[in-house]
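Work through the exercises below with the structure in view, and try each task before you read its solution.

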Amino acid sequence: MQCIWTLSLLQLVALWANAAVVTENGLPILWDQAPSQLSELPQVDNVVTINPWNYLQRMSLYRILMGSTDKYMASMGTNETDSLFWGLPLQMGWKLRSGRLVDPTGATTCGKEGDPMCISATSWWACVNYYLSVIPFLAAVQKDVIGDGLIQVQVQTPAEAAEDYCTSYTECSTKYPDLMAKWEEFFQTLKDVSASEISDFEKRDQILGVYWAGQQLSLNTASTSCRAKMSYYSSPEVSFAKNWMNSADYVAATYFQSNLNNSVLFMSPLPSRVLQEGDSAPNIADLSKEENHTLYIFGWMTRMNRILMGSLVRIWRSAMCSDKAREKGRELLQDLVHDPKFAASTFFSILKEMTRSC
């Protein structure tokens with residue numbers, strides 16, 4: 001059974017009235033302006049060159065990837081908005097609008113007025129996204145999901161911090177063999193499972209499982225590779241960035257169906273600007289109560305896991321032992337993020353009950 005988040009239309013309207021901007025005309029920011037075909041990107045002798053330090057070209061990786069995988073996504077739903085990849089371009093649009101792709105050192109105008117489509121290689125947020133955009137794209141090309149084996153892809157190096165990023169399948173698979181293998185496994189699984197005779201429910205479960213395994217390994221790899229870039233941010237932004245990464249442990253364990261509608265709902269209360277020294281949720285005056293609540297809850301989950309010496313995440317993963325449990329887990333996350341009246345004690349009591357049922 002596909003997850004349907006149980007908020008009424010009136011509740012959604014009330015929520016989005018005070019939400020961060022994550023869409024434009026119902027789609028990721030500047031989605032329609034990003035190239036949707038490989039033929040629209042620079043190409044010489046069957047080698048496509050991509051500049052992931054330009055927002056529209058990095059967004060094009062998602063448009064091309066989604067266009068190439070839609071034929072394998074029938075088990076996710078019948079609409080174009082049902083692809084599980086929608087969460088990634090929505091995230092990148094939020095990062096653009098919230099100023100998180102800007103050069104945090106202030107040494108350049110990258111991402112600022114005059115160069116708004118520039119993605120800074122010194123941005124921690126852009127660095128993390130690299131492992132969720134370029135790496136999966138290169139794996140998809142390698143597995144003939146994109147290009148049918150007829151093209152090669154070369155990724156342009158950034159003007160600064162060039163040594164921090166791999167730029168081809170060969171280089172990336174040498175530098176990050178386990179990560180590249182995990183994404184290749186995902187695309188092979190996607191092709192194999194979509195063509196199998198099992199039920200759509202079983203297809204969806206298998207595809208989502210390996211997809212989130214790829215996302216988790218990307219985030220874990222990025223956590224190490226991008227760590228030095230955190231030094232450019234305020235302590236509240238660093239805390240939020242770490243909490244945001246930690247939240248993925250809970251989302252991934254539920255096999256969250258990151259289609260367009262679900263992803264917009266989950267991301268809409270994210271903070272609409274980079275946090276500064278002195279910002280302390282839930283009392284940041286120029287952020288909405290929804291943004292303040294989300295920041296507070298993300299921090300609370302990290303603190304509780306630390307107090308419990310990592311056991312909260314372990315218990316959560318153990319509790320997500322069946323499709324029914326994962327559906328309940330998605331509902332719990334929804335309540336935590338969107339309902340300020342939802343008590344932490346209720347969260348723990350429900351989680352304890354779920355663990356017993358496994």
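**Exercise 1.** Find which residues form a positive surface patch, and place R227 in the chain.

Solution. The positive surface patch is formed by R227, K242, R303 and R306, where a patch joins like charges within 9 Å among residues with over 30% relative accessible area and no salt bridge, a salt bridge being a side-chain nitrogen of Lys or Arg within 4 Å of a carboxyl oxygen of Asp or Glu. Next, R227 is found in the loop between helix 8 (200–225) and helix 9 (235–253), with helices taken as DSSP runs (H or I) of at least four residues, numbered from the N terminus. This is a predicted model, in which local features need pLDDT of at least 70 and side-chain atom pairs count only at pLDDT 80 or more, while totals for chains, interfaces and linings use all residues. Residues are numbered from 1 along each chain as its sequence is written, and side-chain values use heavy atoms, with hydrogens and water left out.

**Exercise 2.** Explain why helix 3 (residues 87–97) counts as largely enclosed.

Solution. Ten of the eleven residues of helix 3 are buried, so the rest of the structure largely encloses it; buried means under 20% relative accessible area, with a 1.4 Å probe and protein chains only. These buried residues pack against helix 2 (55–69), helix 4 (124–130), helix 8, helix 9 and helix 10 (260–267), contact meaning heavy atoms within 4.5 Å.

**Exercise 3.** Decide where M309 lies and whether M309 is buried or exposed.

Solution. M309 lies in the loop between helix 11 and helix 12 (311–319), and with a relative accessible area of 71% M309 is exposed, a word used for values over 50%.

Key. Patches are made of residues with over 30% relative accessible area and no salt bridge: like charges are joined within 9 Å, nonpolar side chains (Val, Leu, Ile, Met, Phe, Trp, Tyr) within 5 Å. Accessible areas come from the Shrake-Rupley method with a 1.4 Å probe; for residues, only the protein chains shown count as cover. Lys and Arg count as positive and Asp and Glu as negative; His and the chain ends are not counted. The place of a charge is taken as NZ of Lys, CZ of Arg, CG of Asp or CD of Glu. Helices (H or I, at least four residues) and strands (E, at least two) are DSSP runs, numbered from the N terminus.
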